[in-house]
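Here is a short briefing to read alongside the structure. Take a look at the model first, then come back for the notes.

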Amino acid sequence: MSGILIAIGSLTLIGLTLGTILGAAARRFAVQEDPLEEELKAMMPGSQCGQCGYPGCGQYAAALAKGEAKITLCAPGGKPLVEALSSKLGVTADLSDMEEKVPEHAYIKEELCIGCTRCIRECSTDAIMGANKLMHTIIVDACHGCSKCVKVCPTDAIIMVPYPETVVNWHWPKPETAKANTQVKPEVAHAH
Amino acid sequence: MKLFQIRGGIHPEYRKDITSEKAITTMPMPSLLYIPLQQHIGAPAEVLVSVGDMVKKGQMIARNQGAVSASHHAPSSGCIKEITEVAAPHPSGLPQTTIILEPDSKDEWGDPMEPISDPFAADPRVIHERVAQSGIVGMGGAAFPSAIKLNLGEQKKLDTLLLNGAECEPYLTCDDRLMREYADEVIDGARIMAHALGTTKVVIGIELNKPQAIEVMTKAASAFPSVQIASVPVQYPMGSERHLVQAITGLETPARKLTADLGIVVHNVATARAVHHAVRFGRPLVARVVTVSGGAIREPKNVLAPIGARVADLVEFCGGFSARPESVVNGGPMMGQPLPTLDAPVVKGTSGILALTAEEINDRPTSACIRCGNCITICPCGLSPVEMSAFIRKDNLEMAAKLGVTDCFSCGSCSWVCPSHIPLVHYFNYAKGALRDQDNERRKNERIKTLAEVRTIRIEKAAEAKKAALAARKPAAGAAPAAATGEAKPATEEKANA
């Protein structure tokens, strides 16, 4: 009988001691960080382009977490980001003035490029290749379409172009069942 | 052989009798051949010829590039007329780079690759190499480069090569005819592939609705104890790789795994014949058997067509249309995709061209779901089509993904069985595409984030280095403006030099 009491007693003692240590440690070493800010930062495009008016994505996320910034400022994030932010923060945003932007990348008209390297310095993802007085070109895979380079080009050699639709990235559109009800023939004739 | 049950499935009207007794006939060489650079899964091939070049039959005109790719060869001798954008044999009808060859009517083979005299004594790598050089891809429809699948033996422990002769799609009889007419070649190809894979056993799965093929193949295989014929029940989609494996071994392939993880590699029977030709005669893949059928075709046939012949040429060879086709389908009626234009060419993965009349398609307006649950009963993947489609209709792709929409392989059984004619499989095709887009977007964003972070770190480092250089070179007044104008990189170099 006493054996079991000793066991229960010692385990309780160990539990209490360890619990106290853990509790104290949690208070002592607590990191002062807004979890919301971290979450928002993860949602940002992360290219630090600065078009929102803040130095980078982290600062914009911090401002958003404090409720100091509008949620419609991020240009590369576009409409999908605004929608995600509005549901995350419970803020309604006026989406009507935000156009539905198709994904774009920058393109350098090479015959117009004078090799001034201004766009290279502007690009926050190192997506432009080139050197002084040598033609530049865009590495499409690294371009996230912030269009900052377009603004600094002295010869208007940079334009934004949509990604081409190819047999590799094409997929079926969403079937329109509502329409199929009224149409004799649905637009996607399929052999079933 | 003991067989196992597979889940779900349907029994559509097979209509294979339209062409099953039509022997394979070679079509006359069309006036132009259109050879797309991308006929396979993976990266498009790289062009090796230029306009005006004279090529011989079997000469490589486009080379595989990248890890997953396939090369392409001239299907006949002639002159390269143009390299341009032509509508792809794809439901989108989008253009893709295509080599246009004008055959010179001689149909002359170039110097063939050296035949491998004793393939069973050769190093498996020699066979892989030959299959890759011959541009062989999976000819059942998916068109995955075969050489890569034959390499699986190096990474995984394999015991069985399963040859897929199930041909469960209605209308199609090209594999049936191939097995009946070229059984020895198919079995020889299969044995070579088994050697390349390092498997001891070859099982050839054939659906019971092809009794002649089973008979001929059994006879041809009797000389080889390692080759077995398994007659599997008639049940769509038995020809799906995973389901055929389950029917024959009883093992279910886990989601997002390969059958190779179970020690089984599946190849199509036509692929085996192509391997036979490549190894025994050094001839690359330049032609394939295509079933041209459907109610709107005047004389349905099994056609041996050169790769690159236009669908219109095949239809013409089969007597043209006897009625207005409601839809022209590339592949079988269940999983095939509509062809927007008859100008698209036959490629290595084209198993059938079906011109279907309105009655055969039986298109009816969609009505509301009556919750009969038929789609759940027949789904061979054990998914719940009714739930997934409801979420997709409301744009909740996340939930659809949780319910496993990416495990759907678009067999179309649910759409076929639905009494309300809900285009279930269309929803899943859309959702899978949209989810893939999202995934690509996410991956790109992560890459962009890394790039931006790396750049920030580099600039910070450069700024520090500049400061250090300035501090070292006291008084620093002269150096500052020069360093400020250029990118900060030179400063790092200065530091390194100092």
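The notes below cover the interface, the domains and the nonpolar cores.

This is a predicted model, in which local features need pLDDT of at least 70, side-chain atom pairs count only at pLDDT 80 or more, and totals for chains, interfaces and linings use all residues. Residues are numbered from 1 along each chain as its sequence is written, while chains are lettered from A and ligands numbered from 1 in the order in which they are written.

**Between the chains**
- Chain A brings 29 residues into contact with 38 residues of chain B (contact: C-beta atoms, placed from the backbone, within 7 Å).
- On the chain A side, helix H7 (residues 177-182) gives the most, with 3 residues (helices are DSSP runs of H or I, at least four residues, numbered from the N terminus).
- That side of chain A divides into 12 nonpolar, 12 polar and 5 charged residues (Ala, Val, Leu, Ile, Met, Phe, Trp, Tyr, Cys and Pro count as nonpolar, Asp, Glu, Lys and Arg as charged, and the others, Gly among them, as polar).

**Domains of chain B**
- Chain B is divided into domain 1 (16-105 + 119-289) and domain 2 (384-498), with bounds from an automatic or database domain assignment.

**Nonpolar cores**
- The largest nonpolar core has 109 residues (buried Ala, Val, Leu, Ile, Met, Phe, Trp, Tyr and Cys joined through C-beta atoms within 7 Å; buried means 20 or more other C-beta atoms within 10 Å of a residue's own, with C-beta atoms placed from the backbone).
- Helix H5 (residues 183-197) of chain B supplies the largest share of this core, 9 residues.

How values were computed: Two residues are in contact if their C-beta atoms, placed from the backbone, lie within 7 Å. Helices (H or I, at least four residues) and strands (E, at least two) are DSSP runs, numbered from the N terminus. A residue is buried if 20 or more other C-beta atoms lie within 10 Å of its own, exposed if 12 or fewer, and partly exposed in between; C-beta atoms are placed from the backbone.
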